[in-house]
Every structure is written in structure tokens, then in C-alpha cells.
Amino acid sequence: MVQLSIVIITYNEEQNIGRALDSVQGLTDDIVVIDSFSDDATEEICKRYPTRFFTREWQGYSNTKNFGNSVANHDWILSVDADEALSKRLFQSIKAMINERPLEHNEVFSFNRLTNYCGKWIRHCGWYPDRKIRIWNKHYGSWSGDIHETIQFSGPVKNTFLQGDLYHYSYYSIHDHIRQVNHYTNISAESLFQQGKKANFFQLHCGSMMKFIKDYLFRLGFLDGLEGYAICRISAQAVFIKYIKLNQLYRARKKEKYQKNHPLPH
């Protein structure tokens, strides 16, 4: 039997964490929760379950997840976000996998993620199938990236697809979506700025429109009804917001340099 550790990071996830923990009961003897000092009932809920609960200052998604992997008792990691939950079919697929045979160090396992948006399951808009690698050997791969983090492996992998969906409870309201867009575009713009990348004319003026056309028409977002339309409109607007924020960062730097070279007279 493969020994599996489950790693979850949290911050104010009282609305979600119980569902996530319920869905993984019976898979492992090691559930690790890394919490960034939540001020709601997240910790209280987690301690109702057989978890190992750690508090740690927030240092970014990848850094926090990698810390969770480092304190996990077992080499094989199942990464689950607090707003996710295993479907029954996915649970059974993972259960069968860990009971089947020993694993090679470069094996990884992926499955589809199905997102619930304002109470509706979204099967288009480019949101499904949202295939993710979430089971791997922690000595062969680690998280990388400031936003939409991915696992970087030290060599080639043997990827096995598992049946069943990972349920993702993304946004409970349009307000939640817009608030998160503001948060993520701050991170994205800052990351691009640190990399020295700039927003060109096409990205600023056409990127948003092209994003909407791609998701709503070519990725069949219109089949998801009003929710699909909202997703595509907000996602498209996020493209513009990201690049206009990046543009503002460069303007702020230019202003700072000018003021440094042209100080006001005393």
C-alpha cells in the first residue's frame, strides 16, 4: 500500500474546509493543514478531524504548499485546496491506486476539476475539463509560481489519469469573483513587473475582447447560460485590469525616477 499525505493550505476557509476534510476521510493517516493565521473558525473546524495543524505567516502559494509538503510524513502527496473536495468516484480511484502496487518515483496522477460557480456546475468557458496533476512524489517535484502555481519536476514523468472529478467550489457570488479578480490581478501585474515585462498595445486594447471571444464562443461558454456569460465577461475584464495595473506600475517607477532626478527646491 502506498502511504499518502494530504496537504491543504488555508486562510479563513470556515465555509469550505469541513467539506474538503470530509471528502478525504479514509485515504490517509496524515492530513497536513498549513494555515496563515485565520481569524475565523477554520482552526476549530480542522481540529475536529485527524489533522496536523500548522500556523505560518503567508509567504505565497508555492512557498506555503512546499512547506506543507516538507512536513508531510509520507513521500507521496495529494494536494487539495480548501475550496475543493473529492467526488466519490475520484475517492475510489485514488483508493484503488494506492492499494494496487508500489509506485515509481517519477509517477504522477492527474484528474479533472469541475467548478461550481454561484451554485452551478460549469462545463465550458475553458473551465472544464480542468485537468490537474495533484498526486506525486515530493522528492521529484515542487510547486513553482506566484499565481496559478504549477508543479515543476526534476525529470520526465509517467502521468496516469484517474477517473472522477475534483469538485471546486470557486465563487458563491459575483461579488466574490470580482473581489478575487482584484486580488489576483495585483499579484499578476506585480509578477510581470518584476520580470521586466510590459503591456503592449494589443494586450491593453484587444486582449480583453479576444479573451471573451475565445471563452464565450470557441470554448462554448454560452452553453453555461447566464453564469457562463458572467464568467466570460469578468475573465475578459481581468485581462484588461491586469495589464492596466502593470502599466501603472511602470508609470509609478517613471515618476519616482523623475522626482529623484528633479527634486523640489527647498
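Does Trp 121 count as buried, partly exposed or exposed, and at what relative accessibility? In this predicted model, Trp 121 has a relative accessibility of 29% and therefore counts as partly exposed. The briefing below places that residue among the ring pairs, then turns to charges over rings and to a helix crossing.

**Aromatic pairs**

- The structure contains 14 aromatic pairs, and one of them joins Phe 54 to Phe 67, whose ring centres are 6.3 Å apart and whose planes stand at 90°, so that this pair is edge-to-face.
- Phe 54 belongs to strand E3 (residues 51-55) and Phe 67 to helix H3 (residues 61-71), so the pair, with its partners 13 residues apart, links distant parts of the chain.
- Phe 54 counts as partly exposed because its relative accessibility is 24%, and Phe 67, at 24% relative accessibility, likewise counts as partly exposed.
- Trp 121 and Tyr 169 make up another edge-to-face aromatic pair, with 5.5 Å from centre to centre and an angle of 65° between the planes.
- Because Trp 121 lies in strand E7 (residues 120-122) and Tyr 169 in strand E11 (residues 158-171), this pair ties together parts that are 48 residues apart in sequence.
- Within this pair, Trp 121 is partly exposed at 29% relative accessibility, whereas Tyr 169, with a relative accessible area of 17%, is buried.
- Elsewhere, ring pairs connect Phe 212, Tyr 216, Phe 222 and Tyr 229, which together form a cluster.

**Charges over rings**

- Lys 65 places its charged end over the ring of Trp 143, at 4.4 Å from the centre of that ring.
- Arg 123 lies over the face of Tyr 128, and the distance to the ring centre is 5.7 Å.

**Crossing of H5 and H8**

- Helix H5 (residues 174-194) and helix H8 (residues 225-261) have axes that come within 8 Å of each other and cross at roughly 35°, and the crossing is right-handed.
- On the H5 side, the residues that meet H8 include Ile 174, Ile 178, Val 181, Thr 185, Ala 189, Glu 190 and Phe 193, while the H8 side contributes, among them, Ala 230, Ile 234, Ile 241, Lys 242, Leu 246, Tyr 250 and Arg 253.
- By residue class, the contact of H5 with H8 comprises 15 nonpolar, five polar and four charged residues.

Key. Residues numbered from 1 in each chain as written. Predicted model: local features only at pLDDT ≥ 70, side-chain atom pairs only at ≥ 80, totals over all residues. Heavy atoms only, no water. Phe/Tyr/Trp six-rings, centres within 6.5 Å; stacked < 30°, edge-to-face > 60°. Helix = DSSP H or I, 4+ residues; strand = E, 2+ residues; numbered from the N terminus. Buried < 20%, exposed > 50% of the residue type's maximum accessible area, 1.4 Å probe, protein only. Lys NZ or Arg CZ within 6 Å of the ring centre and 35° of its normal. Axes fitted to C-alpha atoms, helices over the stretch in contact; angles between N-to-C directions. Left-handed = near helix turned anticlockwise from the far one by under 90°. Contact = heavy atoms within 4.5 Å. Nonpolar A, V, L, I, M, F, W, Y, C, P; charged D, E, K, R; others polar.
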